[in-house]
Structure formats: C-alpha cells, structure tokens
Amino acid sequence: MSVTEGPTKTGGKGEKGPPGSLKELVEKSREVPDLLKKPKEKQLWKSVFRHKLDGSPRNRSLAVLTNVFLHLHPARINRDAVKYAFTWGMGGITFLLFVNLTLTGIFLMFYYHPSKGQAFMDILYLTHDVPFGNLLRNMHRWAAHAMVLTVWLHMFRVFLTGSYKKPREFNWVVGIILLVLTLLLSFTGYLLPDDQLGFWAVTVGTNMARATPLLGHEGPFGAELGFTAFNDVRFALLGGSIVDANALLRAYVWHCIAIPVIATVFMIVHFWRIRKDGGISGPAGVVLPREVKGWLPKDKR
Amino acid sequence: MILADPMFADGAQLWEIVSLPDNIPIVILLVLVPFYTWYALRQAKQNDKLIDELQVLDAKEAKTKHRKVQSHQKGWDEQVHVWPYLLRIEFLVALIVTVILIVWSIVLDAPLEEPANPNLTMNPSKAPWYFLGLQEMLVYFDPWIAGVVMPSLIVFGLIIVPYCDVNPLGNGYYTWKQRKFSIGTFSFGFLGLWCVMIIIGVFIRGPGWMWFWPGEFWDHHRIDNETFRHLPELLGFTQKESPISTALVGLIVLGGFVAVTSALFHRFFTKAKPEAYAKMNIIQYATVQFFVITMISLPVKMVLWHMFKIKYVLQLPWFNI
C-alpha cells in the first residue's frame, strides 16, 4: 500500500495521515461536532423512532401504531369517544391503579416475610424505618380501595350505556370475572399485615366457607358427605383449620402471584376484545324502536 | 326525637366511624355514586328528549337528523387521532389520579392494629367496607345462603345480563326511556341493595353487630332483648314437637311466596314489556324471573326480620331459610 493514496496533501490542516496512524485518528476526531449535529437524522435516533415526530396525520398515526404500549389503541377513534361525560374514565383509572399496585407491591415485597410474627414486625419496620416505606404502604392500601371503587363505577357506566349488548356480551363476562378477582386481591391482601384487623376480617370471611353447601362441614349436607373441619373447602383455603401460618402463606402467594397473573391474563383478553368488538361502544347515535326490525309487537308494526 | 336523646348529644361516634382511614373510601363512594348517577341521568334525559323529537318526525326526515346530543358541525371529521386527542386525556387523568393518591397517602395512614391474636375477639369484627353488604346479609340469612349462595348468585346474575337482555335499544348511549326495566332492576340491585347494605354495615352496625343509629354511642354493654321467632312457630308449629308439619308450613309459605311473586312478575312483565317477552326464549325469561324474585327476597326477609322479628321461614332438619 502506498502512503500517498487518498485526496490529502502532505502537511497542513485536514491532511489525513497514513491509515492507522495517530494523525488519521486526530483528524477523525475533528468530525465529532458534525456528528452531533442534526441528531434526528442519525442512525441512533432513527433506530428508536421509526418516523418523524411532527403533527402530520401520517406521523400521528404512526406514533400510536409503532409503539408497543400504545398500539392497543387504534390510530384514529370516533370524535365523540373521547368525551369524559360518556366514559367517566373509570376503566382506564382502574388499569392505572392496577399498575400502581403492581409497582408498590413489588417494592413492599422486598421488605416482607410471609411468616407469622415476622410479618407484623416487617410492617412496623416499613412504617417507621424504611425510607418512604410508610408512603409506599399507604399508597398500596389506598390504591387498592380506590380500585374497588373504580371497578364498580366502571361496571355501573357500562351497564347504564348498554355497552354489554351485542357484540360486547362476552367482554362484560370477562369484566365480571375481573371484578371478582379485584375483590379477591383486596381480600387476600387484608390478612398480610397479620394484625387484628386482617386476622378477624379473614376469620369472619373464611368462616362463611364452612357453610358452603355440600363442600363445607357446617353447610347443608356437608357433614352427610363426610366433610369435617379438617378436609372441607375452608381447610383448603386456609391450609389448616384456623387462620394461622399456612393461611398467611397462602394469602401471600394468592395475593402476590396467583391472582395478579390470572387477572393479567383476563385483562389482556378484556382490552383485546374492546378493539376486536369495534372499540368503545359510544356515544352512539340514538336508535328508535320503529327502526329495529321485529322489535315492536305485531299489532303495532 | 331520637336526636334529642343524650346518646346522640354529640356526633363523636359518627365522626369516629366516618374519619376512620379505612372508611374514607366509603365516604368517597357516598359522594361519587350519587354524582355519577346524576351525571348519567342528565345525559339520559338529553337523549330521551332527542328520541322524542325524532319519533314525531317521519322515517325519512328522522334518518337525516343528527342523532347525538354532542355538538356537531359540518366539515368536522368524524374521527380524531388518538395521538394527541385521546392520549393527552389519558395522560392528564393519570397525572391527576397519581397526585390524588400521593396526597391521600401522605395525609392518611393505612390502619394497623395490634398483632393478630386469636384469643382477643374484635368487637365489632367488621370485614373491609366493600364486603359489608355480605356481612350485613348474614343477619338475615344463614351463612350458607348469605356467604356462599348469594355471592355466587350475584356473580352469576351479573354474568347472564347480556344474554337475557333482549332489548336491542340503548346500545352505546345513556337512556332511561328505552331501558326502564333493565336500568331499574340493575339500579335496585346495585344502589338499593348492595350500596345500602354496605352503608348499614359501615354506619349503623356496632358492637355485637347490633343496630346503632348513626351518631348513637356504641354501648358495648348493650344487650338486645328482642326474641326472634320462626314463622311456623307463630302459626303454632315447633320443630321440636312436629318437625314434619313445621317443614310443611315452611315449604308452603316459601312456595306460596315464589308462586305469588312469579305470577305478579309475569303479569307485570307481559303487560309492561310485551316486545321483550315476545322475543325472549323460555330459559331467558325464567332466568330473569328467578333473579328478580331472589333479589326481592332480600328486602322481604329484612322486613320480616325487623318488623315481625321472624328468623326463619322454612325449617328443615338440614338447613333453615
């Protein structure tokens, strides 16, 4: 290889040294200011953002469609569908609270042992010593209560707007399952501080399971079928005949792993089906009885 | 006046219940549920007005009229971009909810009682507020009904709603006129039974799950001397002496209740909702009838309990209702 190759003259600024030489390296480093200019046209930026960010219709659509977190949304929706008066935003808030609870819950799990005696000490530790521990616990508690509220209000709204009607029947069913799961999440979490409040609430709650017809030892026909306090459905829930260490562990596993996983699966279905069933139900234009075929009785047709 | 009673002299007891951190959500519920009910009814009224206006027009004219209560102008696109028009709302709502949650968590501490102690019963021992409807139901029915059968029926009853509501109207908009029966039934269950039972459980039940009016001092030494009797007993049959007649009386009364309410419901429904009745198949109709009667049986049992001091209607060797 010849050292004179290339468009450079010998000596002076902008002159490239021989390949691999220090001079060439210094010359390359002079390109840095140029490289930092117009970052949006560079490979790094383009690899992250696949489209321009201006307000053109195409880019507004791509902003939603090329983002994994946003792509559950369509690119465009009905103008009226963003009306707060119609949706009350309760479904979205419920999901936000679920995310919030997952995050605060993960933090809480770092400080919590699901064992009798230790559990209560952990709560005291969280409340008094862990930085922001009390805030964390409070937030988890109040978000849980708020979630129960928003789930109810969401159901109320969906009912009042008739949004469970064709073709969204099955999504209503999924929603009811999610409602039950929300209540179960809340209930299993109640025992975890291992204090008097949780202990007695769960005792009262699970005592009812004793009375389950057929499956509980105090329920109708339970004893006749051979159920006792040591093999009935309440025993299965508590892992024992009283609310004790096993019940705490079971509540912990249900609360932190099993029910959230199940709820997540149902949520995926719930959100997916909103899209597949044609998006949000309204606000739709009103329909008159006479416009529905076969709805009015024969004599009034 | 009960409020002149020294027991009610100050609102200390009521304040104690209302200000309990764990009860804050129910206080919020007391505000939010009426607010959103009003909010929905207001929009239902607007839509109903629009329906009335459309109905007097002839079919052709009605078709061309704007069908929504939302304002609409010529030249507006029917659709808007999710980015930014929906996402900015979602972002704003997320921000507001998070701020509320942080403030709430700074101001109020989550409750923590003493360590769990199986030897020291809490009195009253209350479940979290959202389950107090079920706990209140335990007063009127045995645990197998109140704690197991009723909750299952509530869940199952909610699940079957879309499969039993044959009314094609009111899909995607608020209305009262077009869905009186379904909205009435649902509101009766959600507002009239579920929410009211929770309010009773939170604000009225005190030690020993006894009835204390809101504000009344929770006297832990109070003893209710009311004696409850069973319906067959009032008619002269006791389970001890004549179990078969007692069971029969119960079965007749309960069967009579079901028969009468079914007949009344049938009369009402076929008169008020002939279109729906014509469209429903027998399974849909029977299911609706079953759930309506089951729902009614709760307030009926409450009246029997509070006004006539009746505990059981039906007494069988295996269970009582």
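This is a predicted model: local features need pLDDT of at least 70, side-chain atom pairs count only at pLDDT 80 or more; totals for chains, interfaces and linings use all residues.
Student: How many helices and strands does chain B contain?
Tutor: Read along the sequence, chain B follows the pattern α-α-α-β-α-α-α-α-α-α-α-α-α-α. The secondary structure of chain B therefore comes to 13 helices and 1 strand.

Student: What percentage of the contacts in chain B with a separation of 6 or more comes from residues 24 or more positions apart?
Tutor: Of the 321 residues of chain B, 45% count as buried. The accessible surface of the chain comes to about 17500 Å², with 68% of it belonging to carbon and sulfur atoms. As for the contacts with a separation of 6 or more, the share from residues 24 or more positions apart is 67%.

Student: How many of the 9 residues of helix 6 of chain B are buried?
Tutor: Helix 6 of chain B covers residues 132-140 and is mostly covered. Its buried residues are Leu132(B), Gly133(B), Leu134(B), Gln135(B), Glu136(B), Met137(B), Val139(B) and Tyr140(B). The number buried is 8.

Student: Which helix of chain A is included in what covers the buried residues of helix 6 of chain B?
Tutor: Within chain B, the cover includes helix 7 (143-159), helix 9 (180-204) and helix 13 (282-308). Chain A contributes to the cover as well, through helix 10 (196-210).

Student: Which residue meets Glu136(B) in a salt bridge?
Tutor: The side chains of the pair meet at 2.9 Å, N to O. Glu136(B) lies in helix 6 of chain B, and its partner lies 69 residues apart in the loop between helix 9 and helix 10 (231-234), which makes this a link between distant parts of the chain. Both residues are buried. The partner is Arg205(B).

Student: Which residue of chain B meets Glu291(A) in a salt bridge?
Tutor: The side chains meet at 2.6 Å, N to O. The pair crosses between chains, from the segment after helix 12 (245-276) of chain A to the loop between helix 3 (59-64) and strand 1 (79-81) of chain B.

Student: Which backbone oxygen does the side chain of Asn23(B) reach?
Tutor: Asn23(B) lies in the loop between helix 1 (12-18) and helix 2 (24-56) of chain B, and it counts as buried at 11% relative accessibility. Not counting residues up to four places away in sequence, Asn23(B) touches Ile17(B), Val18(B) and Val202(B). At 3.0 Å, its side chain reaches the backbone oxygen of Ile17(B).

Student: Which residue of chain A is in contact with Thr37(B)?
Tutor: Thr37(B) is placed in helix 2 of chain B and is buried, with a relative accessible area of 18%. Its side chain reaches the backbone oxygen of Val33(B) at 2.5 Å. Leaving aside neighbours within four places in sequence, Thr37(B) is in contact with Leu191(B) and, from chain A, Phe156(A).

Student: Which helix of chain A gives the most to the nonpolar patch on the surface?
Tutor: The patch is formed by Phe95(A), Val99(A), Leu103(A), Ile106(A), Phe107(A), Phe110(A), Tyr111(A) and Tyr125(A), with about 780 Å² of accessible area together. Tyr125(A) lies in helix 7 (residues 118-128) and counts as partly exposed at 41% relative accessibility. The most, 5 residues, comes from helix 6 (residues 90-109) of chain A.

Notes. Residues are numbered from 1 along each chain as its sequence is written. Chains are lettered from A and ligands numbered from 1 in the order in which they are written. Side-chain values use heavy atoms; hydrogens and water are left out. Patches are made of residues with over 30% relative accessible area and no salt bridge: like charges are joined within 9 Å, nonpolar side chains (Val, Leu, Ile, Met, Phe, Trp, Tyr) within 5 Å. Accessible areas come from the Shrake-Rupley method with a 1.4 Å probe; for residues, only the protein chains shown count as cover. A salt bridge is a side-chain nitrogen of Lys or Arg within 4 Å of a carboxyl oxygen of Asp or Glu. Helices (H or I, at least four residues) and strands (E, at least two) are DSSP runs, numbered from the N terminus. Buried means under 20% relative accessible area, exposed over 50%, partly exposed in between (1.4 Å probe, protein chains only). Contact means heavy atoms within 4.5 Å. A polar contact is a pair of N or O atoms within 3.5 Å; within protein, one must be able to donate a hydrogen and the other to accept it, and residues adjacent in sequence count only if both atoms are side-chain atoms.
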